[in-house]
Amino acid sequence: METIKKLISKQSLEKLYTTLSASRKVYAPVVAAAQRVEYKYNPAFADVTFEHIQSTLSVKNVVFPKVENILYYTNNKTDSTITEIDLTKIQEVVLWGAHPCDTAAYDILRSIFCWDIKDEFFAKRLEKLVVIGLACHQSDAYCFCTSVGLAPNSTKGSDILLSKLKSGDYLAEILTEKGNAIVTASPDLFEQSNNDEVVITEVKQKFNHEQVTEKLKTAFENPFWIENSLRCIGCGACAYICPTCACFDIQDETKGKEGRRYRSWDSCGLKLFTLHTSGHNPREVQSQRWRQRIMHKFSYMPARNKSLGCVGCGRCSRGCPVDMNIAEQLQDLEKLEV
Amino acid sequence: MSDFEPKVVAFVCNWCTYAGADLTGTSRIKYASNVKIIRFPCTGRIDFMLLLKSFANGADGIIISGCHPNDCHYTSGNFHAKRRWIMFKELMDFMGIDMKRITFSWVSAAEGAKWAEVVNTTVARVRELGPYVSYKKMVNTHIEEEVTNE
Amino acid sequence: MSNVATKAKELLESKAVQVVIGYENGTNGVVRPAFITTPANATKLIYDERCVQNLAVYLTKHEVKHFGKMGIVATLPVMRSIMMLISEQQVLPDNIVVIGIADDGNILDFADMKIMQAHIGKSNLENPSKDQEKLAELNKMSLEERFKFWENEFSKCIKCYACRQSCPMCYCTRCFTDCNQPQWLPVQSNTHGNMEWHILRAMHLAGRCISCGECGRACPVNIPCHLLTMQLAAQTFNYFNVHAGISEDMKSVMSTFEPNDKESFII
């Protein structure tokens, strides 16, 4: 549908939030202790922040939970009885205040989860997700959305995108039918859009991702990977907090005769990720694992999924204990002689 | 609450406490039946994961018992265990896990009466404390909240 | 060029070492570990009050050992980690050269480990004071309050293992979490499993933790897991009168015993 532009005042925004929060699950950002931002379900409006640059964890968990049951089983004498998960029980979630990098991530995740075989769990959750995005009026040195084809006010992935206006009110861009449904449910909260200026931060482009993808075609054996990954300690932090990382492990947990099979987040940075039962590990050293991370996001995914595997949110770089700053590494890669 | 019967798991060493518990039986000394005894070769073999799993699987109290120092069948197993128990107790207390629910004891193969006393005291104390609700609640949280929703 | 850089250049030029592990300026005002293999690159090395990461974690890393002899910039916690690693046969003293940093920031030349040992012996080996304060605060709480505190903290844990990976003493090539016969801990992250993970990790570090606080710093969700290991470090001294990482040949606290180890709770 064609984008509709509306104005929503600060007071109306509160009314909208309160209305939504009263009858649905709303996932909104709050300032946790020590200046950290976390998304919580249905916090009070007074606690919801509009000033966050980024939350520590991404919001991929609304479509790709940290842990998700995929079936239940009962072990009988000779076989097992499987109980499927009732996906119709998945509730609608309104994601409130996600920045454009996070909203764009859902499409990238969809390109992985619904690639050739549709992941029913993911698909159902995405179907039930309504995204009210929040354009960025602030950014920091870790942000690099403009280097990966996005922008601080990109509408990609949002059903409604809110942008702060100079007056303190918000521009609401209604982008999809899902977004429109919210407007038609509370029409008096959305006024005629005026021509007030939006406050959008500037995120300077740091590298050209097409150049990077090109360089990666011949950079596989380059010593760059070894030099740049020596300090990597091989934890899973970057993959777990990344909005586009989608790798998962599947485990069974049995108690007596009853059990459940679940999937949970996994990381290619961990040594165990590619360890075979024979003892052989095709990615034995950290440089191979670091190379895999970058190549997956900037070489394999563009080639196969037709999209980059990164939205430039900068979380991995903020959260890394040893400053494996992905933007810096990609800038260096771009300049590499291959 | 008055009909709460605590579930107590006892991790005991084969050579002393288990034999001691046998003696309690053959001496026809009655003691609380709430305890389930698990036999180990030595207290030195007891991993703390087992204790944590006991609480997670519904135990309200735990007894750990072995040979007196200098009497260990394997010479020094119980000395190692003692050091570990000291550290474990401090850590558990620091984490807010109720150490009043755990009894550590040395019960020899000849101390049938002592075994009965250890069990009875522990069961009485745990009965007073009630079921270990806060721990069980934490264990069950993941099933309800964490798994299919945030 | 900083003092550290000069020293590193010397060591690399004389081929006393093939790599120097130190600190360099990273992005956005942070410092990060640096691995200098040529004298020319030694100028990258810096040392200031931001340099707190425990670099000893790299001494057991295959990719770093691969270079040959290793020089390492070492503040007190790093020195103690090195001692621990030597006492646990994970590092050979002949394979490393320690570029010690005194409390006042000056370089200390350790011709051999005995000199470093003497330096450690003269130093304050207690937990850092701000952590001691936090520990005291927690210890003042009631049992239920403490349980709630840790339950809340561990509900945030995502099991990324940054705590384990950043710890110099967690060098096991096969961590107990990697076993599935038996599956000691749930693979997934849930409050209870996370608590079990941190309890067992702290127990595996009892008597071995030198209170660098790296685990807490590394945590992407700011869980103060370093308080668990530091609490046990304090209790190790309290009960057994031993601080970890004080000498090359110190006995492993939890693998040894004194017949008269004092306790008051075993009936």
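Which residue takes a positive phi just after H10(C)? In this predicted model, the residue that follows H10(C) directly is C:Asn241, whose phi is positive at about 55°.

The helix that ends there, H10 of chain C, runs over residues 226–240, and because 15 residues at 1.5 Å a residue should span 21 Å, the separation of 21 Å between its end C-alpha atoms agrees with expectation. Most of H10(C) is covered, since 11 of its 15 residues are buried, among them C:His226, C:Leu227, C:Leu228 and, at the other end of the helix, C:Phe240. The cover over these buried residues includes elements from two chains, as tabulated here.

| Covering helix | Chain | Residues |
|---|---|---|
| H3 | B | 77–95 |
| H5 | C | 129–140 |
| H6 | C | 143–155 |
| H8 | C | 191–204 |
| H9 | C | 214–218 |

Rolling a probe the size of a water molecule over the atoms shows where empty space is left. By residue class, the lining of the largest cavity divides into 13 nonpolar, four polar and two charged residues.

How values were computed: Residues numbered from 1 in each chain as written. Chains lettered and ligands numbered in written order. Predicted model: local features only at pLDDT ≥ 70, side-chain atom pairs only at ≥ 80, totals over all residues. Heavy atoms only, no water. Helix = DSSP H or I, 4+ residues; strand = E, 2+ residues; numbered from the N terminus. Expected span 1.5 Å × (residues − 1). Buried < 20%, exposed > 50% of the residue type's maximum accessible area, 1.4 Å probe, protein only. Contact = heavy atoms within 4.5 Å. Nonpolar A, V, L, I, M, F, W, Y, C, P; charged D, E, K, R; others polar.
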